[in-house]
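This report looks at how side chains meet within one protein model. Please examine the sequence and the structure before reading on.

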Amino acid sequence: MKNEYDVLIAGTGVAGLYAALNFDPEVRVLVLSKKEVGICNSMLAQGGVAAVVDKTNDDYRLHIADTLIAGGYKNDLRSLEILVNEGPEDVLRLIKEMGVEFDRDETMNISMTLEGGHSRRRILHHKDSTGREITEKLLAAARSKPNIKILEYAHLATLTRSGGGFWAGVLVNGEFQYISCSYCILCTGGIGRVYAYTTNSATATGDGITLAYELGARIKNLRLIQFHPTAFAAAQGRERFLISEAVRGEGALLLNCHGERFMHRYDERGELAPRDVVSRSIMLETARTGSDKFYLDITGRGEDFIRNRFPMIYKRCLEEGVDITRKYIPVFPCQHYLMGGIDVNVYGDTTVDRLYAAGECSHTGVHGRNRLASNSLLEALVFARRCTYDISRRMRHEESGVDGPPPAPPAGSRQLPKGYRTAIRSIMQKAWFVIPDYEAVREGIVQAKEILEDLRNGDYAVTSDYLEAKSLATICTIILNEVLENQGKEDLLD
Ligand SMILES: Cc1cc2nc3c(=O)[nH]c(=O)nc-3n(C[C@H](O)[C@H](O)[C@H](O)COP(=O)(O)OP(=O)(O)OC[C@H]3O[C@@H](n4cnc5c(N)ncnc54)[C@H](O)[C@@H]3O)c2cc1C
């Protein structure tokens, strides 16, 4: 049976859209977005994308060295070399082919900024909304291609291998239907919503990782989670607004409850130490002072600079009642990024035949123990493109087509009781936040297992709420088991 699509891509962030755009025009591509296309982590990226495009003042070897230092030398060197060597070409393609605009100086050269852990100014940025600029331009390009179909409110619910392809069970506007495809690329983003407080968008519930796990794919290093040190410390709300690393890069000072700088107590790199070090220092300083009040002070850069360089951060903080040109910004760490994910090779190929993964849901190994700032958009671009090379090569010599009809659609009918997602979030927040609490990890494993068993066997109707609760419970279980297995090892910084 001929499949409806050659390639199904789950996700309309940078990874999903860039993958779609890299296929030849005769390849029939379907791209799914769980909610409206604008809701994804890519749209939230502020700081920029790291790449060695200025070869006079920078060098590939320096970018590799900086990434290795941030990653605690646990990075996969082959993937990292590919990232750093091939990435600049992808970034230049964004400018030349997609019309992405990065900030430029008065001589029209691209102006690079600095972020924590980088030894050179190599971050290309579009003010403080780089992710929005890139994603919107990719979206416009994808929408103009006749071979690419984008489906919004299309939640990938099940994935079943069949012959030369997959049956993908998709909730389209709440209605379950099967779609056949020859290859599938999971670009479903991160897992932030497994935490009570995160910078991640509402779509970051680990769905792709859960689907891959259920298919038997190897999942790697899910315990390696980055906690960003400087999210806006709002009084309420789950999604925390990020105060970009670039604010420290441009000279902001990090202060404790007494208004004193303290980073030098913990690391000689001060405010520009890598994120894990700064987050951990904040937790240690909390214990030392007994206060969880921390601030960023950028007032020294003056009003004109701040309003021009950080217009979005300025506006968002003002909405929260803080004029950052005059006042300190209240900050505290929160969940931000996942280094682990679906294990892939350098072509994004997973351990399941015809299943690929790219972007934040994948584990290429480039980040090691801790991601260097602004390397993730680069990773999404480079490895999404590489997936398309491998799939296109295979399409030339492999037969495709599912075997027979799709499986029976899910038959459950009970409504999901309220509270499962909240329960999972509080388990995670207690058990593994910056510094692990092993007693809470052990308790959390038992609680999450019970929730997961009920979700799997409870005859529930397959809705988006149900699917997200199942994803969160699955992700929580994998992470906490990994944390326990790695107790005492250096990569948890306990
Ligand atoms: C606040 C913030 C700031 C950041 N700043 C930077 C930065 O400056 N530089 C940098 O390099 N990185 C930054 N990052 C990280 C970076 O933005 C992400 O790692 C990257 O954008 C991930 O892209 P992605 O395409 O993998 O996932 P996303 O952009 O999150 O896209 C995921 C897509 O998957 C879809 N999806 C999910 N589940 C399903 C499902 N079941 N069915 C169908 N579709 C599904 C979603 O609808 C969405 O379209 C930042 C992240 C955040 C949250």
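Is tyrosine 178 buried or exposed? At 17% relative accessibility, tyrosine 178 counts as buried, where buried means under 20% relative accessible area, exposed means over 50% and partly exposed lies in between (1.4 Å probe, protein chains only).

## Basis of the report

The model is predicted: local features need pLDDT of at least 70, side-chain atom pairs count only at pLDDT 80 or more, and totals for chains, interfaces and linings use all residues. Residues are numbered from 1 along each chain as its sequence is written, and side-chain values use heavy atoms, with hydrogens and water left out.

## Aromatic pairs

A pair of aromatic rings is described by the distance of the centres and the angle of the planes. Rings of Phe, Tyr and Trp (its six-membered ring) pair if their centres lie within 6.5 Å; planes under 30 degrees apart count as stacked, over 60 as edge-to-face and the rest as tilted. The whole structure holds 11 aromatic pairs. In one of them, the ring centres of phenylalanine 176 and tyrosine 178 are 5.1 Å apart and the planes stand at 90°, so this pair is edge-to-face. Phenylalanine 176 is partly exposed, at 24% relative accessibility.

Tyrosine 295 and tyrosine 328 make a tilted pair, with 5.8 Å from centre to centre and 45° between the planes. Tyrosine 295 belongs to strand β13 (residues 294–297), while tyrosine 328 is in the loop between α10 (311–319) and β14 (329–338), so the pair ties together parts 33 residues apart in sequence. Here helices (H or I, at least four residues) and strands (E, at least two) are DSSP runs, numbered from the N terminus.

## Salt bridges

Side chains of opposite charge can pair when their charged atoms come close. A salt bridge is a side-chain nitrogen of Lys or Arg within 4 Å of a carboxyl oxygen of Asp or Glu, and the count by this rule is 39. Arginine 385 and aspartate 90 form one, at 2.7 Å from N to O. Arginine 385 is buried at 6% relative accessibility, and aspartate 90 is buried at 1%.

Lysine 137 also forms a salt bridge with glutamate 133 (2.6 Å, N to O). These two residues are 4 apart in helix α5 (residues 130–143), which means that about one helical turn separates them.
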